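Here are a few exercises to work through with the model open beside you. Try each task before reading its solution.

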Amino acid sequence: MMSSVSRSTATPSPCSEIYSRQRISRLTLSRPNLALSPTPAKKTLTSVGLTSKPFLLSSALVRNFGFLSEDRKRGLGVEPCRAVEAEGSAEDAGGTKSEAAWKAKIGVYFATWWALNVVFNIYNKKVLNAFPYPWLTSTLSLAAGSLIMIISWATKLAEAPKTDFEFWKTLLPVAVAHTIGHVAATVSMSKVAVSFTHIIKSGEPAFSVLVSRFLLGESFPNTVYLSLIPIIGGCALSALTELNFNMIGFMGAMISNLAFVFRNIFSKRGMKGKSVSGMNYYACLSILSLLILTPFAIAVEGPQMWAAGWENAISQIGPQFFWWVAAQSVFYHLYNQVSYMSLDQISPLTFSIGNTMKRISVIVSSIIIFCTPVQPVNALGAAIAILGTFLYSQAKQ
């Protein structure tokens, strides 16, 4: 007996589209007597003897397997919706594991970044206390990083970047701004406490907004402008109550803020369409900054001053001074390299929050290690400035 089955006009079941995409090829391959109809006309199928006579299977029938019994679905080679749901659950579980692994990876990046930065600041301050020549100190830190990466490329420990003249041309303004910011921050730390330098440097978002607004013509929500009030107010309160205030140290931190804002702007513009990784990008930046800084360091301080200062430092500290210099140089490169690797994996917002937390760790650890005297009002100013930086990162979202 032949029975006629009309195309169903009912709403397709939730898994019908999954069936139509994932099972149709299986049906046509496993059942050679099935054929797709090129026309939307009504089709018939035999209720018995599927192998004796071919029947036409329309796309509408494939989309509406819901009206068939479970036995018939299995006979046609179609798994129930439960199988599809199980596959989706497995994918969700795999996605959850991947997300957890990614978060753990970012957590390791952040912890390493903060720890390396704290170690660098401690050794950098120790070196500058005994050897007050920030231009040479800045040059050595760039030289150490450049040497590490050149050796890594030569020995195949790291894949060398594929660069061209256009890459170095766009990198040049970034390197100039990076050099100025690096030297200015080192000059600041040679004159004032590490904690004070980082409190002032927490005001970098204010410089970023002002430069972007008045020089680049960008506009921001009112919440962003309001977040600048605690940043500026907190930095001002800390500066006014700093026991060891020094104008050169204060201006060095301010210049560093401005230079790093321009570095970030130039970096965003120059790296569009580039495929250089964060690690190699910072390596190239260090090499170019070293070439820029070296002649200026020689002109400002000079070998004679360095030789006299080195002898004086060795006589006071002993041979371990050499290891202090090596540590501050290596850790400077490592913490910057990890920060650029982190930026490759996360959004700028998450990076800015991590940078804020990094400053807190540096300020607290330097106060404890160097026994820096801090007045309650000074600590309050630092807390307000850092809170403002956090609010700024949230407002930018």
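**Exercise 1. Two annotated spans**

How much of the chain over residues 359–392 is helix, and how far apart are the end C-alpha atoms?

- Step 1: Residues 359–392 are 82% helix and 0% strand, and their end C-alpha atoms are 15 Å apart.

**Exercise 2. Placing a serine**

Find the helix that holds Ser238, decide whether Ser238 is buried or exposed, and list what Ser238 touches.

Solution. 
- Step 1: Ser238 sits in helix H10, which runs over residues 222–241.
- Step 2: The relative accessibility of Ser238 is 0%, so this residue counts as buried; the cut-off for buried is under 20%.
- Step 3: Leaving aside residues up to four places away in sequence, Ser238 touches Phe196, Ile199, Asn378, Gly381 and Ala382.

**Exercise 3. A helix pair**

Describe how H6 and H7 pack, and name the residues that meet.

Solution. 
- Step 1: The axes of H6 and helix H7 (residues 165–191) lie 9 Å apart, at an angle of about 130°.
- Step 2: That angle makes H6 oblique to H7, because it falls neither over 145 degrees (roughly antiparallel) nor within 65 to 115 (roughly perpendicular).
- Step 3: The two helices, H6 and H7, cross in a right-handed way.
- Step 4: On the H6 side, Pro134, Trp135, Thr137, Ser138, Ser141 and Leu142 take part; they meet His178, His182, Val183, Thr186, Val187 and Ser190 of H7.

**Exercise 4. Confidence along the chain**

Which element has the lowest mean pLDDT, and which the highest?

Solution. 
- Step 1: Start with the whole: the protein chain has 16 helices and four strands, and its pLDDT averages 78, with 72% of the residues scoring at least 70.
- Step 2: Among the elements, strand E4 (residues 55–57) has the lowest mean pLDDT, 40, while helix H6 (residues 134–154) has the highest, 95.
- Step 3: Over residues 1–76 the pLDDT is below 50, and this stretch has 81 contacts in the model beyond near neighbours in sequence.
- Step 4: Where pLDDT is low, the predicted coordinates should not be read in detail.

Technical notes
Residues numbered from 1 in each chain as written. Predicted model: local features only at pLDDT ≥ 70, side-chain atom pairs only at ≥ 80, totals over all residues. Heavy atoms only, no water. Buried < 20%, exposed > 50% of the residue type's maximum accessible area, 1.4 Å probe, protein only. Contact = heavy atoms within 4.5 Å. pLDDT = per-residue confidence, 0-100. Axes fitted to C-alpha atoms, helices over the stretch in contact; angles between N-to-C directions. Parallel < 35°, antiparallel > 145°, perpendicular 65-115°, else oblique. Left-handed = near helix turned anticlockwise from the far one by under 90°.
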